[in-house]
Amino acid sequence: MSDVRKKLPIGIENFEEIFKEGFYYIDKTDMIKDLLNNWGKVNLFTRPRRFGKSLNMSMLKNFFEIGSDPSLFEDLKIAEETALCQEYMGRFPVISISLKGIGAGNYQTARNLIVKIINEEARRLQFLMDSRNLSIKDKELFGLLMEKDMTDETLMFSLREFSELLYKHYGKKVIILIDEYDVPLAKANEQGYYDEMIFLIRNMFEQALKTNEYLYFAVLTGCLRVAKESIFTGLNNLKVLSVTSVRFDEYFGFTDDEVQEMLTYYGLSEKYQTVKDWYDGYRFGSVEVYCPWDVINYCDDLLDNPEAEPKNYWSNTSSNDVVRHFIETLDARGTKREMEALIAGEPVTKEIHEELTYNNLYDSMENIWSVLFMTGYLTYRGNPRGSSYPLVIPNMEIRNIYRDQIMEMFVKNVAGDGAYFRSFCDALKSGDAPEVEKLFSGYLRRTVSIRDTFVRKPTKENFYHGILLGILGYKTDWYVRSNRESGDGFSDISIEIEDEGIGIIIEVKYAEKSRMEAVCREALRQMESTGYAEQLREDDCNTILKYGIACWKKQCRVMVETEKTE
């Protein structure tokens, strides 16, 4: 790779830094034109995390704010709109805060963090203390916004008071930008101080967005559209632009053309299909988009190692709690078949409620479906009918999140059903293939399975392989190796029961129902021809059990061959 190529902007959310430090940028500046042409007094953009919300907010700040550097936009699309740039670029006072870091275990700490954010913005606007257009009283008021011990009244009125003081200084109405507005609510709900936080945020927003005569317009971003009655009470000038809105649909996330151009720029065009399979598939409005965080991180890994495998970059930036809640409710609420359909790549049509409150996200299965959709764990294909959407899992990365959560559920089930799995392990150790087959099939019927529509054969085999490992984890005194994971080309699973001199090797295959028995025999022949048992012989196992297991949906066929080395 040539050093003259621009750096990849991993985690860079500052628009000015992107250009001054030479990072690669996918041009989203037409959003400014659309924002002005499709006027909304208060605009709320809801998108999943890591889809460029913060960078777009930084772009807006750098475009509108008085004193910003106009050269940042010289070679971008918005520069072609000459009249618009002359009228709006660098013409407005801007208040810009981000609430994404407001995560605390109690209300007082969270409130203190919000105070610090207001203090920080006050320091950025400290030139107001020298303004000839502000009275002594005005400056005293501004001074209160710099204090860490500000009262509730000062905090609740802080954004409005910034607006008033900036208006007096410049003689122009202000633009307010609030990034990740709902993070404090999400954290408060998790930690048990939701009512207090709602009261604070509602009052801050009401003063800033509803009764603020100094406001020109506002833009907010967040993950969820929180119900108006909980936070935007009486705000009649709110325009919500969610993942279902066609307007602004291409400005969050990377389009297919943008990804192809980026891969070409870095000499990675041959990786296009892999990138598409893993990180594309989200639909916002009428546009299909990729997750920017994933694409940038994978490109960065490929530049270091052209053979790098794709990873779950997006899922590693969050706890994925909503998927865990969904998986935990499968049996209780009859959604197991729907989960199986999703894993298979099939659509599941559900009613979506876009307005929720954080304290009732998991009150009903309908709410959980809605949260999965709005936070990027599901997307939609085809055309919705009213508020009913045909939901699908977007891509391979998100499918892996569901798979991992399902496997965690299996492990919990194993821990809670000792007698069942003791019987399975006893049958496995004694070479009782019919009993192994009966118990494993019985367990598969109780769990989520994967079907044929989307998932490729190796992935299906990995699924059953993972279930077996989860069951075998019950036997803490068995030495279990997963050779598939190590990639050494040997048997799927090998087991040593040292105190009894027993070794077990298992080869798992996926097979159509009509070929299950034949595939079992193939697995046994494979073990024989490749010498899978050699390591067990070297470790002094005097009885070696070789299992061929063929799986199809929720059925399995098991065959065993026994080798005595004494």
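## Working through a predicted fold

Lys553 sits in the loop between β16 and β17 (555–564); helices here are DSSP runs of H or I with at least four residues, strands are runs of E with at least two, and both are numbered from the N terminus. The model is predicted, so local features need pLDDT of at least 70 and side-chain atom pairs count only at pLDDT 80 or more, while totals for chains, interfaces and linings use all residues. Residues are numbered from 1 along each chain as its sequence is written, and side-chain values use heavy atoms, leaving out hydrogens and water.

**Exercise: backbone angles in loops**

*Solution.* Start with the background: most residues other than glycine have a negative phi. Asp540 belongs to the loop between α24 (534–538) and β16 (543–552). For the last step, buried means under 20% relative accessible area, exposed over 50%, and partly exposed in between, with a 1.4 Å probe and protein chains only.

**Exercise: the whole chain**

Describe the protein chain by its elements, its burial and its contacts.

*Solution.* Begin by counting elements: the protein chain holds 24 helices and 17 strands. Its C-alpha atoms fill a box of roughly 100 × 50 × 45 Å along the principal axes. Of the 566 residues, 56% are buried. For contacts, take heavy atoms within 4.5 Å; among those between residues at least 6 apart in sequence, 71% join residues at least 24 apart. Finish with charge, where Lys and Arg count as positive, Asp and Glu as negative, and His and the chain ends are not counted. Each charge is placed at NZ of Lys, CZ of Arg, CG of Asp or CD of Glu. The chain has 71 positive and 92 negative side chains, with the centres of the two sets 4 Å apart.

At what angle do the axes of α13 and α14 cross, and is the crossing of α15 and α17 left-handed or right-handed?

*Solution.* Helix α13 (residues 272–279) and helix α14 (residues 292–304) have axes that come within 10 Å and cross at roughly 145 degrees. For handedness, a crossing is left-handed if the near helix is turned anticlockwise from the far one by less than a right angle, and right-handed if clockwise. The crossing of α13 and α14 is right-handed. Thr274, Val275 and Tyr279 of α13 meet Asp294, Val295 and Tyr298 of α14.

Now turn to helix α15 (residues 321–328) and helix α17 (residues 365–374): their axes come within 10 Å and cross at roughly 145 degrees. The crossing of α15 and α17 is left-handed. Val322, Val323 and Phe326 of α15 make this contact with Met365, Ile368, Trp369, Val371 and Leu372 of α17.

*Solution.* Take Ile544 in strand β16. Ile544 counts as buried because its relative accessibility is 0%. Its partners are Gly503, Ala533, Leu536, Arg537, Glu561, Thr562, Glu563 and Thr565. Cys556 is twelve residues from Ile544 in sequence, and their C-alpha atoms are 22 Å apart.

Move on to Met59, in helix α3 (residues 53–64), which is buried at 0% relative accessibility. Met59 touches Phe15, Tyr25, Lys28, Thr29, Met31, Ile32 and Phe73.

Then inspect Ala227, in the loop between β5 (225–226) and α11 (228–231). At 4% relative accessibility, Ala227 is buried. Ala227 touches Phe232, Glu355, Leu356 and Thr357.

Gly473 lies 196 residues from Asp277 along the chain, with 32 Å between their C-alpha atoms.

Technical notes. Axes are lines fitted to C-alpha atoms, for helices over the stretch in contact, and angles run from 0 to 180 degrees between N-to-C directions. Lists of a residue's contacts leave out its neighbours within four places in sequence.
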